[in-house]
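Here is a friendly briefing to read alongside your structure. Have the model open as you go through the points.

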Amino acid sequence: MQKVNLLDLSPAELRAFLAGLGEPPYRADQIQDWLYRRGADSFVQMTNLPQDLRGKLPEVAGIGLLQVLSEQAAQDGTRKLLFALADGNSVETVVLPYEHGFSVCVSTQVGCRWKCGFCASGLQGFVRNLRPAEIMAQVLQVKNNLQSAGMALKSIVLMGTGEPLDNWDGTVAFLRAVRDPKLLAVSLRHVTLSTVGLPERIRALADFCWPVTLAVSLHAAEDALRDRIMPVNRKYPLPVLLAACDYYAEKTGRRITYEYIMLDNINDSQEHARKLSVLLRGRLCHVNLIALNTVRVLDCRPSDEAAVRRFADILVREKINTTVRRRLGSEIAAACGQLRNTFLA
Ligand code: SF4
């Protein structure tokens with residue numbers, strides 16, 4: 001008999017599952033409290049459950065946490081984990097130390113179909129969507145590790161391998177579990193979802209009116225260049241994408257973060273900065289300039305610091321809210337897909 005993964009179950013589903021074992025509804029609250037708040041990784045630890053239930057549960061259910069295949073740590077405190085999935089696949093998760101606390105960057109798919117020009121995840125192609133429980137397990141494992149060291153997880157970013165809006169059902173179910181008071185109980189204000197920019201899905205997400213921060217991978221302010229860097233642009237050109245982003249900002253009241261990876265001699269000139277400021281002028285937004293973590297096999301290099309500074313200055317002069325993201329984990333190849341690719345090689 002296939003065991004039930006408890007992280008797959010909503011509070012109502014867990015109550016129904018336990019009713020089938022002859023248990024009262026409040027046992028579901030106790031178990032989910034252990035899983036989502038108290039960091040249990042075995043049924044033995046759930047000491048407020050009757051002994052016979054603790055003995056019975058491992059025969060019919062699993063806790064859903066994942067085995068760590070590999071781990072790397074950078075000097076700046078960034079950690080990268082490679083988790084094994086039950087079907088033999090693997091996914092990467094990155095733990096990032098920021099001034100305001102720790103953030104976990106989770107994957108939503110095994111591989112990715114979008115083939116952005118600077119990203120290692122597209123190299124192996126798309127394999128499959130992650131189930132909501134597999135996304136949640138990445139968060140819980142990092143949260144539990146931090147908690148046992150007396151530290152706290154402050155935010156979640158869906159920015160690892162995969163396109164979250166491509167895994168629509170998995171991502172929406174995960175977000176529901178994040179905000180559920182009986183499950184992770186974290187406000188969606190602390191969640192950032194990064195997307196290549198799929199307009200219909202951005203509009204559908206906006207219709208939930210959740211306070212999720214939307215981070216859109218822009219990387220170019222004109223279609224011809226964005227077509228080259230991000231093949232998704234050939235399907236959804238900039239006017240279509242930006243109209244969906246404006247709709248998102250209007251429905252949710254949240255400003256959009258436009259991510260812009262600075263690529264040497266590709267998109268980092270002063271002319272590019274001016275075009276970007278014209279494109280975004282008057283929009284509720286924020287630009288994040290990102291230093292590329294070089295991927296050995298891809299033919300692009302990070303811009304030098306002076307080019308990044310000049311670019312940022314032009315945006316700021318044009319009154320576009322701009323930050324230059326600190327480069328974290330460069331010596332452990334913290335860009336998405338790089339640890340998994342090294343492991344697969
Ligand atoms: S940047 Fe994101 S969407 Fe683009 S190939 Fe990499 S994982 Fe896929």
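The centres of domain 1 and domain 2, taken over C-alpha atoms, are separated by 34 Å. Please keep in mind that this is a predicted model. Domain 1 covers residues 4-62, and domain 2 covers 67-344.

**Where the domains meet**

- Nine residues of domain 1 are in contact with 10 residues of domain 2.
- On the domain 1 side of this contact, helix H2 (residues 26-36) gives the most, with three residues.
- That side of domain 1 has three nonpolar, three polar and three charged residues.

**Helices H6 and H9**

- Helix H6 spans residues 199-206 and helix H9 spans residues 238-252; they pack with their axes 9 Å apart, at an angle of about 5°.
- Angles under 35 degrees count as roughly parallel, and H6 and H9 are therefore roughly parallel to each other.
- From H6, the contact is made by Pro 199, Ile 202, Arg 203, Leu 205 and Ala 206.
- H9 brings Val 240, Leu 241, Ala 244, Cys 245, Tyr 247, Tyr 248, Lys 251 and Thr 252 to the contact.
- Sorted by class, the contact of H6 with H9 has 10 nonpolar residues, one polar residue and two charged residues.

**Around the ligand**

- The ligand is surrounded by 12 residues.
- If you want to look at the closest of them, go to Cys 112, Cys 116, Cys 119, Ser 121 and Gly 122.
- The shell around the ligand divides into six nonpolar, four polar and two charged residues.

Methods: Residues numbered from 1 in each chain as written. Predicted model: local features only at pLDDT ≥ 70, side-chain atom pairs only at ≥ 80, totals over all residues. Near = placed C-beta within 6 Å. Nonpolar A, V, L, I, M, F, W, Y, C, P; charged D, E, K, R; others polar. Axes fitted to C-alpha atoms, helices over the stretch in contact; angles between N-to-C directions. Helix = DSSP H or I, 4+ residues; strand = E, 2+ residues; numbered from the N terminus. Parallel < 35°, antiparallel > 145°, perpendicular 65-115°, else oblique. Contact = placed C-beta atoms within 7 Å. Domains from an automatic or database assignment.
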